[in-house]
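Trainee: I would like to learn how to read a model of this kind. Can we go through the features one at a time?

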Amino acid sequence: MKGKHILSGISMVLGFILYFLWNEPQTAYAMHIMEGFLPVKWALFWWVVFLPFFLLGLRSLTRITKEKPETKLLLGLAGAFAFVLSALKIPSVTGSSSHPTGTGLGAVLFGPLVMSVLGTLVLLFQALLLAHGGLTTLGANAFSMAVVGPFVAYIVYRAITRSTGKQRLAIFVAAALADMATYLVTSLQLALAFPAASGGVAASFMKFAGIFAVTQVPLAISEGLLTVLVWNFLVAYNGRELAQLQSMKQGA
């Protein structure tokens, strides 16, 4: 058993090393919609759409920390995982960049509403400390990365585990599709704000989605694999906490 734990830890470390080498951050325009880029009406619109999820997430987060205070370390891990991965930027085409999101892990562990809070805090710190994203565009960025991505991850994870019982497959697909869903929503947000002169919103969406698909598809796959490695490590060393979270979600 001890040897199995050691191998699990080594696998996770090697996974991080390979991931960071493959997705080495470089200077580029951030994929988070940058400060002041959206017209005021669209910035306000996405704030209004996002806020109800954030408020519900605060209530869910408060309940979990009160009922299971021992899971606070896992909450910190989920937030840190999202912060590190979503801070990585790799060049895409036409001077843009893509990055992973890291929200799938937290969504599977705690549910999508909790991740709406953790993801928003990640985006806020990145906007303030890394100039990655912005405050006026925080509503739009949070809706795509901290709301839609986690909900997709959670739904996919539940569907695959119930239908096949293959947990690791469910983790991989959930994390990868959460990544892709985030960028499809971001592409839609940009298309709505900046429709093409010819073809309107649909043409603009295809343009933005096509640009980011070049780098986002391999990013999503690699993020799914890395999330599985982290999950294996948690199963090996935090099995009791995972079981408690599972029982809490089943009783909710």
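**Reading contacts, burial and helix packing**

Trainee: Which residues does T71 touch, not counting residues up to four places away in sequence?

Mentor: Contact means heavy atoms within 4.5 Å. On that basis T71 touches I64, F110 and L245, with residues up to four places away in sequence not counted. Before going on, note that this is a predicted model, in which local features need pLDDT of at least 70 and side-chain atom pairs count only at pLDDT 80 or more, while totals for chains, interfaces and linings use all residues. Residues are numbered from 1 along each chain as its sequence is written, and side-chain values use heavy atoms, with hydrogens and water left out.

Trainee: Where is T71 found, and is T71 buried or exposed?

Mentor: T71 is in the loop between α2 (40-67) and α3 (72-87). Helices (H or I, at least four residues) and strands (E, at least two) are DSSP runs, numbered from the N terminus. For burial, the cut-offs are under 20% relative accessible area for buried, over 50% for exposed, and partly exposed in between (1.4 Å probe, protein chains only). T71 has a relative accessible area of 0% and is therefore buried.

Trainee: How many helices and strands does the protein chain have, and how do the elements run?

Mentor: The protein chain has 9 helices and 2 strands. Read from the N terminus on, the order is α-α-α-β-β-α-α-α-α-α-α.

Trainee: What do the totals for burial and accessible surface come to?

Mentor: Of the 252 residues in the protein chain, 49% are buried. Accessible areas come from the Shrake-Rupley method with a 1.4 Å probe; for residues, only the protein chains shown count as cover. The accessible surface of the protein chain is about 11800 Å², and carbon and sulfur atoms account for 72% of that surface. Contacts can also be sorted by separation in sequence: among those between residues at least 6 apart, 78% join residues at least 24 apart.

Trainee: At what angle do α4 and α5 pack?

Mentor: Axes are lines fitted to C-alpha atoms, for helices over the stretch in contact, and angles run from 0 to 180 degrees between N-to-C directions. Helix α4 (residues 103-110) and helix α5 (residues 112-129) pack at about 140°, and their axes are 7 Å apart. Angles under 35 degrees count as roughly parallel, over 145 as roughly antiparallel, 65 to 115 as roughly perpendicular and the rest as oblique. The pair α4 and α5 is therefore oblique.

Trainee: Which residues of α4 and α5 meet?

Mentor: On the α4 side they are T103, G106, A107 and F110, and they meet P112, V114 and M115 in α5. By class, this contact of α4 with α5 has 5 nonpolar, 2 polar and no charged residues. (Ala, Val, Leu, Ile, Met, Phe, Trp, Tyr, Cys and Pro count as nonpolar, Asp, Glu, Lys and Arg as charged, and the others, Gly among them, as polar.)

Trainee: How do α4 and α8 pack?

Mentor: The angle between α4 and helix α8 (residues 200-237) is about 40°, with the axes 9 Å apart. These two helices are therefore also oblique to each other. T103, L105, V108 and L109 of α4 make the contact with E223, T227, V230, W231 and L234 of α8. The residues of this contact divide into 6 nonpolar, 2 polar and 1 charged.

Trainee: What does T103 contact, leaving aside its neighbours within four places in sequence?

Mentor: T103, in helix α4, is in contact with M115, M145, G149, P150, A178 and E223, its neighbours within four places in sequence being left aside. T103 is buried, because its relative accessible area is 0%.

Trainee: How are α6 and α7 placed?

Mentor: Helix α6 (residues 138-164) and helix α7 (residues 167-193) pack at an angle of about 150°, and their axes lie 7 Å apart. So α6 is roughly antiparallel to α7. By class, their contact has 18 nonpolar, 7 polar and no charged residues.

Trainee: How far apart are W47 and A140?

Mentor: They are 93 residues apart in sequence and 6.5 Å apart in space, C-alpha to C-alpha. W47 is in helix α2 and is partly exposed, with a relative accessible area of 25%. Leaving aside its neighbours within four places in sequence, W47 is in contact with L135, T136, L138 and G139.

Trainee: What is the phi of A131?

Mentor: The phi of A131 is positive, about 55°, although A131 is not a glycine. A131 is in the loop between α5 and α6 and is exposed, with a relative accessible area of 65%.
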